[in-house]
Amino acid sequence: MAEEIAIALPFSIDPYGKVTQTKEQSKIWADKVRSVIGTALKERVMRPLFGTNISSFVYEGQNFAELSVQDAVSTAFNNQLQRLQLQSVSSMFDDYTNTLSVDVIYALPNDEVVSTTIGIIAISGNLKIGRAHV
């Protein structure tokens, strides 16, 4: 199997005016995992089933959100990242930053085991609408 080459993310241009690329397989697959997990369902017009519904979970309770995110990640790997073998998914909510972090451990097609962490910010609390103070 030929080694895969992909556009390096975040997108950038090298000093010679070319789009930067990478051959590092763990980086290529981590970018794909983040792309699938970080994209909301129906966000891509021509691919409405691409992504997950994780963005809707941040408005639910902490325990429900953690379990739902783990389930959504497992479903995404089964449906959209079939070349990878999901090893484990864990999530942790940080009360101080209101961030739900998801750690995903998976095996690449070359059997290398890697970990990717994805942070999802939860919106909580009530914001009172009123006059701005100057």
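This is a predicted model: local features need pLDDT of at least 70, side-chain atom pairs count only at pLDDT 80 or more; totals for chains, interfaces and linings use all residues.

Colleague: Fine. Is Y106 buried or exposed, and at what relative accessible area?

Modeller: The cut-off for buried is under 20%. Y106 falls below that, so it counts as buried, with a relative accessible area of 0%.

Colleague: Which residue forms an aromatic pair with Y106?

Modeller: Searching the whole structure turns up one aromatic pair. Its rings are 5.6 Å apart centre to centre, with 50° between the planes, which makes the pair tilted. The partner lies in helix α2 while Y106 is in strand β4, so the pair ties together parts 29 residues apart in sequence.

Colleague: Which element gives the largest share of the largest nonpolar core?

Modeller: That core has 24 residues, and V33, I37, V73, F77, L84, V104 and Y106 touch the most other members. At least two residues come from each of α1, α2, β4 and β5. The largest share is six residues, and the element supplying them is α2.

Colleague: Staying with V104, which residues does it touch, leaving out those up to four places away in sequence?

Modeller: V104 is one of the core residues that touch the most other members. With the sequence neighbours left out, its contacts are I37, V73, F77, L86, S88, V114, S115, T116 and I118.

Colleague: On to the backbone. Where is the cis peptide bond?

Modeller: Look in the loop between β1 (6–7) and β2 (21–22), which is where P10 sits. Omega is about 0° there, and the bond joins L9 and P10.

Colleague: What is phi for K42 and for D111?

Modeller: K42 is in the loop between α1 (25–38) and α2 (62–80), and its relative accessible area of 69% makes it exposed. D111 belongs to the loop between β4 (99–107) and β5 (113–121), and it is exposed as well, at 59%. Neither is a glycine, yet phi is positive in both: about 70° for K42 and near 75° for D111.

Colleague: Last one: how far is the charged end of K32 from the ring centre of W29?

Modeller: To count as sitting over a ring, NZ of a Lys has to be within 6 Å of the ring centre. The charged end of K32 does sit over the W29 ring, and its distance from the centre is 4.3 Å.

How values were computed
Residues are numbered from 1 along each chain as its sequence is written. Side-chain values use heavy atoms; hydrogens and water are left out. Helices (H or I, at least four residues) and strands (E, at least two) are DSSP runs, numbered from the N terminus. Buried means under 20% relative accessible area, exposed over 50%, partly exposed in between (1.4 Å probe, protein chains only). Rings of Phe, Tyr and Trp (its six-membered ring) pair if their centres lie within 6.5 Å; planes under 30 degrees apart count as stacked, over 60 as edge-to-face and the rest as tilted. A charge sits over a ring if NZ of Lys or CZ of Arg is within 6 Å of the ring centre and within 35 degrees of the ring normal. A nonpolar core is a set of buried Ala, Val, Leu, Ile, Met, Phe, Trp, Tyr and Cys residues joined through side-chain atoms within 4.5 Å. Contact means heavy atoms within 4.5 Å.
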